[in-house]
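Please read them with the structure open beside you.

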Amino acid sequence: MAKMFIGGELVDSVTKETYEIRNPANGAVVDAIPKGNEKDVQQAIQAAESAFKEWADVTPEDRGSALMNACELIKKNTSEIAQLLTQEQGKTLFEAGLEIHHLVHGLEFYAGLASKVRGSHVPLPQKGAYGMVIRQPIGVCGGIVPWNFPLTLMGTKLGPALAAGNSIIIKPASTTPLATARVIELIAQATFGEGKAQKTLPKGTVNVVTGPGSSVGEEILRNPRIRRIAFTGSTPVGRHVMEVAGREIKRVTLELGGSDPMIVMEDANIDLAIKMADVGRYFNCGQMCLGVKRLFLQESIADKFLGGLVEILKKKTVGNGMSKETRMGPIHLESQRKEVEEQVEDAKSRGAKTLFGGERPKGGDLDKGFYYSPTLMSNVPEDARMTTEEVFGPALPVYTFKSLDEALEKANSSEFGLGSSIWTRNLLSANKAIDKLQAGNVWVNSLHYGYDELPFGGVKSSGLGREHGPEALDYYLEPKGVVIVNV
Ligand code: NDP
């Protein structure tokens, strides 16, 4: 049975209760995991507080080498971790491998930045006095992670937290704790320093508490000894996180839902745009915060574009992610499949046309999992749920437009503002879209991909603050103003 990881030890929950993790591809039990509660979080806080005292004093260069060493340990164990991830989440082994690669790349990025944090020297009006701004770690951080990318979204919190000198408690989604627990166990074994001075991370620097959001998650939000919350998940839970954490004036970042528009102009590289619309919508079975969730096509190219996309979808093999032939795994949860189905049915009932899919694939092992065909819908009205809500699964609504202004207006009519893209070879159109799209990120002729090097986050209901890039480090450091007077 898998365990939680607290204070450098693999542990059961205080109550010894466990629950099963099931494979979305066939319902088989993958493993059992401790069902933690508030008391387990409190133990983790105790461990993380005592580790923080040591870790904050480790030199930034050594913190960087520890993170680099952690990456080596993860790389050596990629195959085992990928299999765990595929079995608990449902994604294909190929997608699991890419996720681990992205996790490692992100941690390496912050390993490099650990020793590059700078403050400043500030001239003051008083004679013989000057100011400084120094930047210090905050303390114990809490990272709350969803089930779609359990590892990369854990890494976007753990990387900058550790580089800045904080300790961290991770709460994975209830249904995807296994790969996370294994990776944290490996990170805890990371070493820094040479020869006899070589050390491992202080016990309690990294912790995982598994269990429900209603107990484990709530305690992370409420407990005043956790000073910083990084949350990725749905917009409704994000609102709740902000309210509860706000009572203790905690530092909060929220990475929430999105409904990214992809706008394709008639002068774009259409063949490339078709391929990227496929990846952007159907990768990870469409369960991505960033992703092509509303496709806007200029009228003159719509038929060619949709014909090309349908040809790709016809070849997409849906099945168990462990099989090499599979190109798209199941939806992670039964309830999530139902939600996508209802959104598609709502669009159909309002006159939308199904260009591909729109149903459960049937037969053999497919009947045992939460499968749904890759789905493409046109004539989707503006008040349909697929237009107004986030579609968190493999279904794509398509809209046509005459002018860029019309496309931008429709694209911006969403409550969300995470990613967006414009596909054009016209510099003026590209610049206008960059300027006008209401989103935290705009890609020009590029897949909606969260580069580690660039700040990533949302506007409007898509979130608060940024992950990725050097910008993310700012959210794990407190600036302290210092005045020095020469007397
Ligand atoms: P949820 O908001 O339901 O859950 C996210 C995490 O929050 C889980 O670990 C969950 O635990 C926990 N949680 C639930 N209730 C509470 C609570 N009361 N207090 C504290 N923690 C709680 O989201 P999903 O897991 O369904 O993830 C999908 C959503 O995440 C989508 O909307 C997607 O767009 C968004 N997302 C955003 C990204 C971004 O960077 N902007 C990236 C990826 C996804 P438990 O599992 O135990 O309920």
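1. Helix 11 (residues 334–349) lies across strand 16, strand 17 and strand 18, and runs at about 25° to strand 17. Helices here are DSSP runs of H or I with at least four residues, strands are DSSP runs of E with at least two, and both are numbered from the N terminus. Contact means heavy atoms within 4.5 Å; axes are lines fitted to C-alpha atoms, for helices over the stretch in contact, and angles run from 0 to 180 degrees between N-to-C directions.

2. This is a predicted model, in which local features need pLDDT of at least 70 and side-chain atom pairs count only at pLDDT 80 or more, while totals for chains, interfaces and linings use all residues. Residues are numbered from 1 along each chain as its sequence is written, and side-chain values use heavy atoms, with hydrogens and water left out.

3. Seven strands make up an open sheet of mixed pairing, in the order 16-17-18-15-14-20-21, where two strands pair if DSSP finds at least two bridges between them. Strand 16 (353–356) and strand 21 (443–444) are the edge strands, each of which pairs on one side only. Within this sheet, strand 17 and strand 18 (residues 395–401) pair in the parallel sense over three bridges, and Thr375 stands opposite Ala395 in strand 18.

4. Asn379 is found in the loop between strand 17 (375–378) and helix 12 (385–388), and has a positive phi of about 55° although it is not a glycine. Its relative accessible area of 55% makes Asn379 exposed, on a scale where buried means under 20% relative accessible area, exposed over 50% and partly exposed in between, with a 1.4 Å probe and protein chains only. Most residues other than glycine have a negative phi.

5. Lys16 is located in the loop between strand 2 (9–11) and strand 3 (18–22); although not a glycine, Lys16 has a positive phi of about 70°, and with 59% relative accessibility it counts as exposed.

6. Another open sheet has three strands in the order 5-6-24, with antiparallel pairing. Strand 5 (120–123) and strand 24 (477–485) stand at the edges with a single partner strand each, so one side of each is left without a neighbour in the sheet. From one strand to the next, the twist averages 25°.

7. The pairings in this sheet can be followed residue by residue. Strand 5 and strand 6 (residues 129–137) run antiparallel and are joined by four bridges; Pro123 stands opposite Tyr130 in strand 6, and Val122 stands opposite Gly131 in strand 6. The hairpin of these two strands has five residues between the strands, and in it Gly128 takes a positive phi near 75°. Strand 6 is joined in turn to strand 24 by nine bridges, again running antiparallel, with Ala129 opposite Val485 in strand 24.

8. How much of helix 7 is covered? Helix 7 (residues 213–222) is mostly covered, since seven of its ten residues are buried, namely Ser215, Val216, Gly217, Glu218, Glu219, Ile220 and Leu221. These buried residues pack against helix 1 (38–55), strand 7 (140–144), strand 8 (167–171), strand 12 (226–232) and helix 8 (235–247).

9. Helix 1 and helix 7 pack at an angle of about 45°, with their axes 8 Å apart. The two helices are therefore oblique to each other, given that angles under 35 degrees count as roughly parallel, over 145 as roughly antiparallel, 65 to 115 as roughly perpendicular and the rest as oblique. On the helix 1 side, Glu38, Val41 and Gln42 meet Ser215, Val216, Glu219, Ile220 and Arg222 in helix 7. By class, this contact has three nonpolar, two polar and three charged residues, where Ala, Val, Leu, Ile, Met, Phe, Trp, Tyr, Cys and Pro count as nonpolar, Asp, Glu, Lys and Arg as charged, and the others, Gly among them, as polar.

10. The axes of helix 7 and helix 8 come within 8 Å and cross at roughly 45°, which makes helix 7 oblique to helix 8. Here Glu218, Leu221 and Arg222 in helix 7 meet His240, Val241, Val244 and Ala245 in helix 8, a contact with four nonpolar, one polar and two charged residues.
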